[in-house]
Amino acid sequence: MSRINRNCRGCGLCIQYCPTGAVSLINRKAFIDVSRCIKCGTCSSVCPLGAIEFVSYSEIDDLKEKIQNLKHKINRLNKKINELAWRK
Ligand code: SF4
Ligand code: SF4
């Protein structure tokens, strides 16, 4: 999975090098059409500003797990808040 970070200045270099025409500019920022991207990494390697990051699926799974854990913590906190509210 790719992600365009804040460094993108819309120079268009990644568009020139993408072999599948997956990159375009939207509001002067690079945008990758995931349905056309073959994940070759060329855009990321030619970007002079390091604006295109590739996130591995294992990183995504880690993030999903962290989000799940945070949701559980939020639920537990909400329960405690409700219990305290009932005691008043
Ligand atoms: S991602 Fe990099 S190469 Fe592509 S438009 Fe932005 S700054 Fe230029
Ligand atoms: S990874 Fe390759 S195919 Fe995908 S947008 Fe970048 S240059 Fe294009």
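Q: Which residues make up the largest nonpolar core?
A: This is a predicted model, so keep that in mind throughout. The largest nonpolar core has 10 residues. They are C14, C18, A22, V23, A30, I32, C43, C47, A51 and I52.

Q: Take I52. What is I52 in contact with, leaving aside its neighbours within four places in sequence?
A: Seen that way, I52 is in contact with S2, I4, C14, A30, C43, S44 and C47. C14, A30, C43 and C47 are also listed in the core.

Q: On to the ligands. Which residues come nearest to ligand 1?
A: C8, C11, C14, A30 and C47 do, out of 13 residues around ligand 1. Among them, C14, A30 and C47 belong to the core too.

Q: How does the shell around ligand 1 divide by class?
A: The shell has 10 nonpolar residues, 2 polar and 1 charged.

Q: And ligand 2, which residues come nearest there?
A: Ligand 2 has 13 residues around it. C18, C37, C40, T42 and C43 come nearest. C18 and C43 are core residues as well.

Q: What about the classes in the shell around ligand 2?
A: For ligand 2 the count is 9 nonpolar, 3 polar and 1 charged.

Q: Let's switch to the loops. Where does R9 lie?
A: R9 sits in the loop that runs between β1 (2–4) and α1 (13–17).

Q: Is R9 exposed, partly exposed or buried?
A: R9 has 14 other C-beta atoms within 10 Å. A residue counts as exposed at 12 or fewer and buried at 20 or more, so R9 is partly exposed.

Q: Next loop. Where is N27 found?
A: N27 is in the loop between β2 (23–26) and β3 (29–32). R28 lies in the loop between β2 and β3 too.

Q: What are the phi values of N27 and R28?
A: Phi of N27 is near 50°, positive in a residue other than glycine. Phi of R28 is near 65°, again positive in a non-glycine residue.

Q: Are N27 and R28 buried or exposed?
A: N27 is exposed, with 6 other C-beta atoms within 10 Å. R28 is exposed with 10.

Q: How far apart are N27 and G10?
A: C-alpha to C-alpha, 8.5 Å. In sequence they are 17 residues apart.

Q: Last topic, domains. What does the domain assignment give?
A: Domain 1 covers 1–55 and domain 2 covers 57–88. Their centres are 35 Å apart, taken over C-alpha atoms.

Q: What span should α3 have, at 1.5 Å a residue?
A: Helix α3 (residues 57–87) should span 45 Å. Its end C-alpha atoms are 45 Å apart, which agrees.

Notes: Residues numbered from 1 in each chain as written. Chains lettered and ligands numbered in written order. Predicted model: local features only at pLDDT ≥ 70, side-chain atom pairs only at ≥ 80, totals over all residues. Domains from an automatic or database assignment. Core = buried A, V, L, I, M, F, W, Y, C linked by C-beta atoms within 7 Å. Contact = placed C-beta atoms within 7 Å. Near = placed C-beta within 6 Å. Nonpolar A, V, L, I, M, F, W, Y, C, P; charged D, E, K, R; others polar. Helix = DSSP H or I, 4+ residues; strand = E, 2+ residues; numbered from the N terminus. Expected span 1.5 Å × (residues − 1).
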